[in-house]
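Subject: Structure handover

Hello,

Here is the structure I said I would pass on.

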Amino acid sequence: MNKKTVRDINWNGKRAVVRVDFNVPLENGQVTDDTRIRESLPTIRYLMEHGAKTVLLSHLGRPKGKVAPEFSLKPAADHLAKLLGKPVTFIPELNDAAQQTVNQMQPGGVALAENTRFYAGEEKNDAALAQKFASLGDVFVNDAFGSAHRAHSSTEGIAHYLPAVAGFLMEKELDYLGRALGDPARPFIAILGGAKISDKIQVVRSLLAKTDYLLIGGGMANTFLKAKGLDMGASLVENDAVDTAKTLMDEAGGKLILPVDAVVADRFAADAERKIVSVSAVPEGWRILDIGPDTVKTYTGMLQDAKTVVWNGPMGVFEMAPFAEGTFAIARALATLPDATTIIGGGDSAAAAHESGVADKITHISTGGGASLEFLEGKTLPGVAALADE
Ligand code: ADP
Ligand code: MG
C-alpha cells in the first residue's frame, strides 16, 4: 500500500480524529453484533498506547441528516468501553463543550462523537462540517474502509483540513485487495455471483482484464445463459442486460465459465419442490436457485491450481438452506486450497462465508460491501484517494 499509516505519525499528546465504521446492528440499546467495533480495535489500541488523544467518528444507519435517537452511537461507546476495559467519553454534539472535552482529554484517552449522519452536511461532503470534524484533531485517521467509496465530510472532506493517514484495518483491506488486483500470483481466478448482472457489469469487465478465469454463478448466470439462447424458465433474468451479456462473453473469449447444471425449484420458497437439471433443461415455470453438483465439481476442480482467488456474490439463494449448497461448497473449496490467497468481497458473500463455518480459513474477508465492489470495479475510492501518499 502506498499510503501513509498511523505508524508514520508521532502521536505523543496529539489529537487523532479517527473515522471508524461502527455501523453496527442494535436491539433495545444493545450492540447485537460487534464485529465492526472489534475490527477497529488494533488502530484504537495503537493510538492509546502511543499517547494520542483519540476522537472517533462514525455513521450509524440512515438518519438522513436529522437527529434520531434510535440511531445514536451511545450504545457503541458503552460497548467499546467494555472491549477496551477503559472509559470512553461520549460526545453528543459538536459544540463548545465538545471542544473542551477533547482539549481536556489525557493522552491515551478515547472519545466517540455522535452519529456523523445526524448532520445534513455529512452526505453532501459539506466543507463547513468537514472543518468542524477536523477541529477535533491534529491528524485524521481513516479506518473505515466500508465507507471509503463515499465522499462524505467525515470520510473525504475532513482530509482537506488535516494530515490524513490510514488505520490498520484500512491498510489491511488495501493491501489484500490491492495486491490481488495489482500484482496477483497466478493462476488468478475470480468467482462472481449474486442476484443481478446489472449491478456487476463493471466488475465483470474489470476482472476479465485481470483474471485467468471468471467463474459465474448466482442469478447473474441466468442472463448469460439466456444470452447463449437457453430457456431459463421462470428464473431471474434481466432481459435489458442480455445484449450486454453477449458482448461480455465475446470479449471474454474462453475466460468466462458458466454453470452446466442447476438446482431448480417450482416456487421461490424454502419448501418448494426442487430438482437438479442441466441448464439447457430448465422446466417451464421452474426457476434456478443454485448451481448444481456438476458445476460445483468443475469450479472446485479449476480452483485447485489457483494462487489467487477473489469471490464476490453467492452462487445461489443461500438464505434458504435447500439452495445454499453451491455457495457453501465454493466457500469450503476456498478454505481448503493449499497455497492460495483467497479474498471475499461483498456484503452477502461475506455473510455466506461466515455461515458456511469456514470464514477463519479464508485469507481475507473484506469488511466493505459496496466499497469492495467499487474497488473490484477498478475505481479509486475517494476516502482512499484523500489519504497522504507515502
Ligand atoms: P454481494 O452482497 O456479496 O455483493 P449480491 O448482493 O450481489 O452479493 O447478491 C446476493 C443475493 O443474490 C442474495 O440475496 C441471493 O439470494 C441472490 N441470488 C443468488 N443466486 C440467485 C438466483 N439464482 N436467483 C435469485 N437470486 C439469487
Ligand atoms: Mg448484497
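The notes below cover a sheet, a strand and a helix.

This is a predicted model, in which local features need pLDDT of at least 70 and side-chain atom pairs count only at pLDDT 80 or more, while totals for chains, interfaces and linings use all residues. Residues are numbered from 1 along each chain as its sequence is written, chains are lettered from A and ligands numbered from 1 in the order in which they are written, and side-chain values use heavy atoms, with hydrogens and water left out.

The open sheet

Six strands form an open sheet in the order S5-S6-S4-S1-S7-S8, with parallel pairing. (Strands are DSSP runs of E with at least two residues, and helices are runs of H or I with at least four, numbered from the N terminus; two strands pair if DSSP finds at least two bridges between them.) At the edges are S5 (89–91) and S8 (164–166), each of which pairs on one side only. Inside the sheet, S1 (residues 15–19) runs parallel to S4 (residues 53–57), and 5 bridges join them. Val-17 has Val-55 in S4 as its bridge partner.

Strand S15

S15 pairs in the parallel sense with S9 (residues 188–192) over 5 bridges, and Leu-192 stands opposite Asn-312. S15 also pairs in the parallel sense with S16 (residues 341–345), again over 5 bridges. There, Trp-311 stands opposite Ile-344.

Helix H9

Which residues of H9 are buried? In this helix (residues 242–252) they are Val-242, Ala-245, Leu-248, Met-249 and Ala-252. They cover an arc of only 115° around the axis, which puts them on the same side of H9. (The arc is that of the directions from the helix axis to the C-beta atoms.) An α-helix has 3.6 residues a turn, so residues three or four places apart point the same way. The buried residues of H9 pack against H7 (201–210), H8 (218–227) and strand S11 (256–257), where contact means heavy atoms within 4.5 Å. On the face turned away from the buried side are the exposed residues Asp-243 and Asp-250. Just after H9, Gly-253 takes a positive phi of about 60°.

Regards

Technical notes: Buried < 20%, exposed > 50% of the residue type's maximum accessible area, 1.4 Å probe, protein only.
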